[in-house]
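Work through the exercises below with the sequence and the model in view. Try each task before reading its solution.

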Amino acid sequence: RPSWGAADSSARPAAVLVLVFPDNAGEARLILTERTDRGGHHSGEVSFPGGRSEPGDADLVATALREAAEEVGLDPVSAGVRVLGTLSMQWVPVSNFSVTPVVAVAERRPVLVAQPTEVAAILEAPLAAFLPDGELRWVEREIRGWALRYAAYPVEGLNVWGMTARVLGGLGAWLAREEC
């Protein structure tokens, strides 16, 4: 088995947007995407909107907002988006990205449109699903010859796992603290 420690200097910088917004009933929701299946490392997976940093991005917050605009048509101004900060960088060994989750809240439910070459579906997951008492299921499967067993959050018939699940679980644990 490979040894996966901390990201090294060759890891490519990237950012994802962890956007919390109210649905029509006032329940807190998060935007997730089901990626189109193009045969790559993360094809068909559930993820946050986001991607690699580009030279024109002022910083990783700009990267996350640009990628969300490109992938799901997010207009931060019309949704009243306010960036709260960033979470700890997550290294994704299989694609060698160092991903910074950018946490933001929207005053209003955003109008979203999937970019069809990148996004198969836009998911609006309830934030409560990722609190400590949220449902987790064990999944066993083989990917490119590797037998994997992992815990995943079920969302709209799909499994949220990997880096996205780590970020959501950490966010849910933080929100469930007694001080909140």
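Predicted model: local features only at pLDDT ≥ 70, side-chain atom pairs only at ≥ 80, totals over all residues.

**Exercise 1: The network around Arg66**

Task: Determine which other salt bridges Arg66 forms and which residues make up the network.

Solution. 
Step 1. Arg66 meets the side chain of Asp57 at 2.8 Å, N to O. Both Arg66 and Asp57 are buried.
Step 2. Arg66 also forms a salt bridge with Glu70, where the closest N and O atoms are 3.1 Å apart. Arg66 and Glu70 are four residues apart in helix H1, so about one helical turn separates them. Glu70 is partly exposed, at 37% relative accessible area.
Step 3. Salt bridges link Glu54, Asp57, Arg66, Glu67 and Glu70 in a network. The structure as a whole holds 10 salt bridges.

**Exercise 2: The nonpolar cores**

Task: State how many residues the largest nonpolar core has and which element gives the largest share.

Solution. 
Step 1. The largest nonpolar core has 24 residues, and those with the most contacts inside it are Leu32, Phe48, Phe130, Val160 and Leu168.
Step 2. Elements that each supply at least two residues of this core include strand S1 (12–22), strand S10 (146–155) and helix H3 (162–175). The largest share, five residues, comes from H3.
Step 3. Phe130 is in contact with Leu30, Leu32, Ala125, Tyr153, Val155, Leu168, Gly169 and Gly172, leaving aside neighbours within four places in sequence.
Step 4. A second, separate core has 15 residues, among them Phe21, Ala68, Val72 and Val81.

**Exercise 3: Val139**

Task: Is Val139 buried or exposed, and which residues does Val139 touch?

Solution. 
Step 1. Val139 is placed in strand S9 (residues 137–143).
Step 2. Its relative accessibility is 11%, so Val139 counts as buried.
Step 3. Not counting residues up to four places away in sequence, Val139 touches Leu148, Arg149, Tyr150, Ala152 and Asn159.

Methods
Residues numbered from 1 in each chain as written. Heavy atoms only, no water. Buried < 20%, exposed > 50% of the residue type's maximum accessible area, 1.4 Å probe, protein only. Contact = heavy atoms within 4.5 Å. Core = buried A, V, L, I, M, F, W, Y, C linked by side-chain atoms within 4.5 Å. Salt bridge = Lys/Arg side-chain N within 4 Å of Asp/Glu carboxyl O.
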